[in-house]
Amino acid sequence: MTSVLATEPTTTTGTTTATETTTATGTTTATETTTATETTTTTETTTATETTTTTETTTTTETTTATETSTATETTTTTETTTATETTTATGTTTATETTTATKTTTTTETTTATETPTATETTTATGTTTATETTTATETTTTTETTTATETTTATETTTPTETITATEITTTTETITATETTTTTQTTTATETTTATQTTTATGTTTATETMTTTETTTKTETRSTTDTSTSSTTETTTTTTTTISLPSFLDVQPDTIYGVWKTFARGISTLAIESNSGAGAYLVGQSPNKLFDGSLSTKYASRGNSSSGTNAYAGLNTGFYMTIAQCQPVLIGFRFGNAYSLSEREPLELTIEGTNCANLTTCVNWTLIYNGSTGLDIQVNSLDYGQYQSISNSNVYKSYRFLITAKRNSNSTSLFVVQSGSVQALWNTVAGGVSTIATEDSTGVGTYAINQSPDNLFDNNTSTKYMSRGSSTSGTNVYAGLNTGFYVTIAQCQPTLVKFRFATAANASSSNRDPTNITVEGANCDTLVNCTTWSIIYAGSTGLENVLGRSTYGPFQNISSPHTFISYRFLVTAKRNTSDYVAYSEVELYGY
């Protein structure tokens, strides 16, 4: 019997270009993307400002005096000219020219006239100022961006084992290259010219004035250039291949030599117990049939482990056995497996298993096992020839160096035993349905959601048909069709890795009406640590209790078999139907059998 492991390579590339290739066949994809972006921005700004100010002053004074006139005129003229020029050139261009011309004129006129003198004065003032400012700013920006991305992906897939399975292989190659180039050029030119002139002053700006004139010219030029280049390349190739003769499996994981060890009496998340090679005794695998045979590539060899059984045929031989090993590849990710059958010894074939991963250095003492699979081996369908079972996928993306496989169920399990219930684990329920969260019932003589005083579900496992569990459910009092429905209990089994195979119910004692007998139930299993809030109940049975034709009191009905047993540490029983209208649902015993 051979086990085949498969892995999926994980590649992470931190680049702007993300290329993801998923290939299940031999495909080589090379993608090269070259993006060159050149941006040239030339900005030329010319600002010309011309201001002309002309001031003309004409003063005419006419005096007519018929008598003696004495006129004394004193004129004092003071002219002060201050010219300040300041030029500052920064990233933009700022030119500030300040010219200040101050003219002070003091005129004192004293006139003594003995007679009336008419005086006519005419004043004409014209002011003209000419200011010429020319600013030229040339900005040239050249941005060259070149991106070259070369991606080559080579995937080799080895396909083995001819079958009659239809397989669809989809190859998707997606290459996306995004190149963004953004160029921002900002040119700001500020020119401020301030001219102050006075009478009889000629400045370098060619301004002649007879009055005081202040001219301020401010020119602001802002040039913003934004260049954005967005190049997006997306290439998608999709290939679909359908064949009826071969099945394509992911690449194989190689087992590191001398790392395969048989184990027994070992449970998920627990410490491994090593098995020995011997033809007799518990905790042994047969001589010449070690777990190394699982990886020799031959369906004719096998691994045969006895487990807790020392001899003979029974339901528990080989259960909780298995093996662990270390993978040769770096950073292996287990994503699937296949088992080979035992053919002539098909009753020994494993049907259920758990798979765990770890990175422990010492696997014998390791306690850090992580459960990644709990389910079928793929050997559910019995065949009459040496062959592989169905490929089983594992939803796993974590890297583990080592893996452990443990068998939890086998094909032939006719020999079962009565389960022992873990003390204190039985809990009464009401208003609870399959797949839902449990609602706890309480002990009381009246009211909904209660069970009768001293008639708790613990009585179901006291091996005494004179006691009973009697639950009211949603009924407050009286006889009706719904009293006791959707009530029941959950319980945890004392054995390790228990698999419930069958059960039977017993009717309540004579004092209880047969109308209270439960006739239909659901049975669910779970591996939750806390059952009150558990939401992962899996239904394994929905049908009769076996009491529909049993009218006797304190009487067991026939065994009810579970067609597809699974390993669960806890089980939940819920009543979905009763014999007739009643005030309670009542029953005296429940026996659980399995291995």
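Trainee: Are Cys-528 and Cys-534 buried or exposed?

Mentor: Burial is read from relative accessible area: buried means under 20%, exposed over 50%, and partly exposed in between, with a 1.4 Å probe and protein chains only. Here Cys-528 is buried, as is Cys-534. Please note that this is a predicted model, in which local features need pLDDT of at least 70, side-chain atom pairs count only at pLDDT 80 or more, and totals for chains, interfaces and linings use all residues. Residues are numbered from 1 along each chain as its sequence is written, and side-chain values use heavy atoms, with hydrogens and water left out.

Trainee: How many disulfides does the structure hold?

Mentor: A disulfide is a covalent bond between the sulfur atoms of two cysteines. The criterion applied is a pair of cysteine sulfur atoms within 2.5 Å. The structure holds two. One links Cys-360 and Cys-366, with sulfur atoms 2.2 Å apart; another joins Cys-528 to Cys-534, S to S 2.1 Å.

Trainee: What pattern do the disulfides of the chain follow?

Mentor: Counting bonded cysteines along the chain, the pattern is 1-2, 3-4.

Trainee: Why is the disulfide of Cys-528 and Cys-534 assigned its handedness?

Mentor: The torsion about its S-S bond is about 55°, so this disulfide is right-handed. The link of Cys-360 and Cys-366 is right-handed, with 55° about the S-S bond.

Trainee: Why do Cys-360 and Cys-366 count as buried?

Mentor: Cys-360 counts as buried because its relative accessibility is 16%. Cys-366 counts as buried because its value is 3%. Cys-330, by contrast, is exposed, with a relative accessible area of 74%.
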